[in-house]
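Here is a short briefing on one protein model. Look at the structure first, then read the points below it.

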Amino acid sequence: FIPGTIGKIRELKMMIVEKSLSVKIEIDGGVTVENAGQIIEAGADVLVAGNTVFRSENPAQTIEALKSI
């Protein structure tokens, strides 16, 4: 995940809201338990956290942690 993307997510969300569009923002790549909250706060609707889950020692626990954000 490229941290500079946070600003782009915010801009995109503002455009979607201003135009009353029915569009979801999905972020795929580098999503972790540590940065998921910031990504959601910026306006993302869907997160893909494949490596975070599948490389975790406890995938079920990681999924629950992500869901609780």
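Predicted model: local features only at pLDDT ≥ 70, side-chain atom pairs only at ≥ 80, totals over all residues.

E57 counts as exposed because its relative accessibility is 85%. Exposed means over 50% relative accessible area, buried means under 20%, and partly exposed lies in between (1.4 Å probe, protein chains only). E57 sits in the loop between helix 3 and helix 4.

Residues are numbered from 1 along each chain as its sequence is written, and side-chain values use heavy atoms, with hydrogens and water left out.

**Overall build**

- The protein has four helices and two strands. Helices (H or I, at least four residues) and strands (E, at least two) are DSSP runs, numbered from the N terminus.
- Along the sequence, the pattern reads α-β-α-β-α-α.
- The C-alpha atoms fill a box of roughly 40 × 20 × 15 Å along the principal axes.
- Of the 69 residues, 25% count as buried.
- Take the contacts between residues at least 6 apart in sequence: 39% of them join residues at least 24 apart. Contact means heavy atoms within 4.5 Å.

**Surface**

- The protein exposes about 4,900 Å², and carbon and sulfur atoms supply 54% of that area. Accessible areas come from the Shrake-Rupley method with a 1.4 Å probe; for residues, only the protein chains shown count as cover.
- V33, I40 and I69 make a nonpolar surface patch of about 210 Å². Patches are made of residues with over 30% relative accessible area and no salt bridge; like charges are joined within 9 Å, and nonpolar side chains (Val, Leu, Ile, Met, Phe, Trp, Tyr) within 5 Å.
- V33 lies in the loop between strand 1 (26–28) and helix 2 (36–42). V33 counts as partly exposed because its relative accessibility is 31%.
- S20 is in the loop between helix 1 and strand 1. Its phi is near 50 degrees, a positive value in a residue other than glycine. S20 is exposed, at 67% relative accessible area.

**A buried threonine**

- T62 belongs to helix 4 (residues 59–67). Its relative accessible area is 11%, so T62 is buried.
- Apart from neighbours within four places in sequence, T62 is in contact with V33, T52, V53 and S56.

**Salt bridge**

- How many salt bridges does a search of the whole structure find? It finds one. A salt bridge is a side-chain nitrogen of Lys or Arg within 4 Å of a carboxyl oxygen of Asp or Glu.
- K13 pairs with D45, and their closest N and O atoms are 3.1 Å apart.
- The pair links distant parts of the chain, 32 residues apart: K13 is in helix 1 (residues 5–18), and D45 is in the loop between helix 2 and strand 2 (46–48).
- K13 is partly exposed at 24% relative accessible area, and D45 is partly exposed at 36%.

**Largest pocket**

- The largest pocket holds about 190 Å³ of space. Helix 3 (50–54) and helix 4 are the elements that give two or more residues to its lining.
- Lining residues include V31, I40, L47, F54 and I69.
- On a 1 Å grid over the protein atoms alone, a pocket is an open set of points where a 1.4 Å probe fits, with protein on both sides within 12 Å along at least five of seven lines; lining residues have an atom within 4 Å of a point. Grid points are joined across faces, edges and corners, and a volume is the space filled by probe spheres set on the points.
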